[in-house]
Amino acid sequence: MITDDFSALPQSRLLTTAIPGPRSQALHTERMQHVTSGFGTTLPVFIQRAEGGILLDVDGNRIIDFASGIAVTSVGASNPHVRARVAAQLENFTHTCFMVTEYESFTAVCKWLNENTPGDFDKRTALFSTGAEAVENAIKVARSATGRSKILVFDDAYHGRSLLTMAMTAKENPYKLGFGPFPAEVVKAPMAAPLRWPSGAANATAEALAGVEAVLAEHGAETFAAMVIEPIQGEGGFVVPAAGFLSGLRALATKHGIVFVLDEIQAGMGRTGTLFASEHEGVVGDLIITAKALAGGLPLSAVTGRTELMNSVHAGGLGGTYAGNPLACAAALGVFEAFADGSMLAGARRIEASAREVLEPLLTETSCVAEVRGRGAMLAIEFADAGTLAPRADLAKAVAVACHAQGLLVLICGTFSNVIRLLPPLVITPELLEDGLTVLKAAVLDVAATLAAPALV
Ligand SMILES: *Cc1c(COP(=O)(O)O)cnc(C)c1O
């Protein structure tokens, strides 16, 4: 039900109890009696409403949302376009299964993606439910089209939690630990990560590309179906590849007849200030994968790409019971509406400008902030010892804990868990953003003053 009360959720931070409050604590205790402990929780707070940049918890605390449910609710957790479209669809039907009978919204979502993803060529799209499912299906398409089997992935990559996508993901704990053996034919190559490149950031692109060529030569370039890369790494630490790396990979893929797949699941759909993060480098994928922010929180993912690839699969070879569910397609059409006036992309750029202004001085004001990086509303602070760059997960953790206590939700990422990442909704108000950044900066300065002496190992 759309009520005035709902849309009037005040866009300001408010602490009524400690975080988590007593009601959240009681609900968390109950949860632990019924829900698998295999799910981790960043902040054990139960949410009753969310709107714009605010999460309202069951104790009445208003928490600033710098997470967007991991880059999902970019247009806000209760965007009016999304709510109206989903509510209308709900009155008609919830499901038919697109493989059984058809509905127009599925086609409309595919058409929008074909028209708005980079690449001036004829495209087709397939819809699924989760990001991992879309990655798996991009591999199915690439293998079917090329008749080859191997998959090239990159250091610190994250592509999901299903069996194949775990194999494509770099970090063992928590994603892969104890879950093997994994599918074969997944090969890892160097990623041009500027901060820690051994011979310096200026050499990262050339040396990483040479490394990729060596890996391809060793494993036989002609045996690779696909090369899959995130244009900005998500879970791996919000690493922006050194300039020229993505276009270098694009050229290598073309040279060897390898399908070039961009995993834009986290960085895409406006997050970085352009509709797709690969646009910053002018790089075009043969296939591009979207999910997360695509449908504003309803489960929807997509593989979009060259018609000759997407149509190379035999009829019936792709699908899924819930693939492109009508409620999720309606939500995506609401998201597209929200993007139509340009305010979302402008929001991402505004967030970057404000955040850099507040956070970049930390590079000189402290000795433990190694880098402030990212694009648009996908920004990160990496904590490491000066000089040695020894990762400081303890500092990232301490900053996150301090922010959470103050009613600001931030997430940690990175192979070494030493990166605080910022993913605010693109609709966050300037005042709320400023408040959140002030809390974050104070937490970093506080932690730097008390804990930042080099870690004793
Ligand atoms: C989240 C994510 C995935 C997996 O998406 P799910 O919907 O969780 O399966 C894959 N790739 C990237 C880059 C992601 O950020």
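Predicted model: local features only at pLDDT ≥ 70, side-chain atom pairs only at ≥ 80, totals over all residues.
I then located S105 in helix α5, which covers residues 104-116. I also listed the contacts of S105 beyond its neighbours within four places in sequence, and these are P326, C329 and L333.

Next entry: the sheet. I traced four strands in an open sheet and recorded their order as β1-β2-β3-β13, with mixed pairing. I identified β1 (47-51) and β13 (408-409) as the edge strands, each of which pairs on one side only. I then examined β2 (residues 54-57) and β3 (residues 62-65); these strands run antiparallel and are joined by three bridges. I noted that L55 has I63 in β3 as its bridge partner.

Last entry: the ligand. I listed the residues around it as T130, G131, A132, Y158, H159, G160, E230, D263, I265, Q266 and K292. By class, I recorded three nonpolar, five polar and three charged residues in this shell.

I found a polar backbone atom of A132 at 2.7 Å from a ligand oxygen atom. For Q266, I noted a polar side-chain atom 2.9 Å from an oxygen atom of the ligand. For Y158, I recorded a backbone N or O atom at 3.4 Å from a ligand nitrogen atom. Finally, I noted that the ligand taken alone exposes 380 Å², of which the protein buries 82%.

Terms used. Residues numbered from 1 in each chain as written. Heavy atoms only, no water. Helix = DSSP H or I, 4+ residues; strand = E, 2+ residues; numbered from the N terminus. Contact = heavy atoms within 4.5 Å. Pairing = 2+ DSSP bridges. Near = heavy atom within 4 Å. Polar contact = N/O pair within 3.5 Å; in protein donor to acceptor, adjacent residues only side chain to side chain. Areas by Shrake-Rupley, 256 points an atom, 1.4 Å probe, with all protein chains shown as cover. Nonpolar A, V, L, I, M, F, W, Y, C, P; charged D, E, K, R; others polar.
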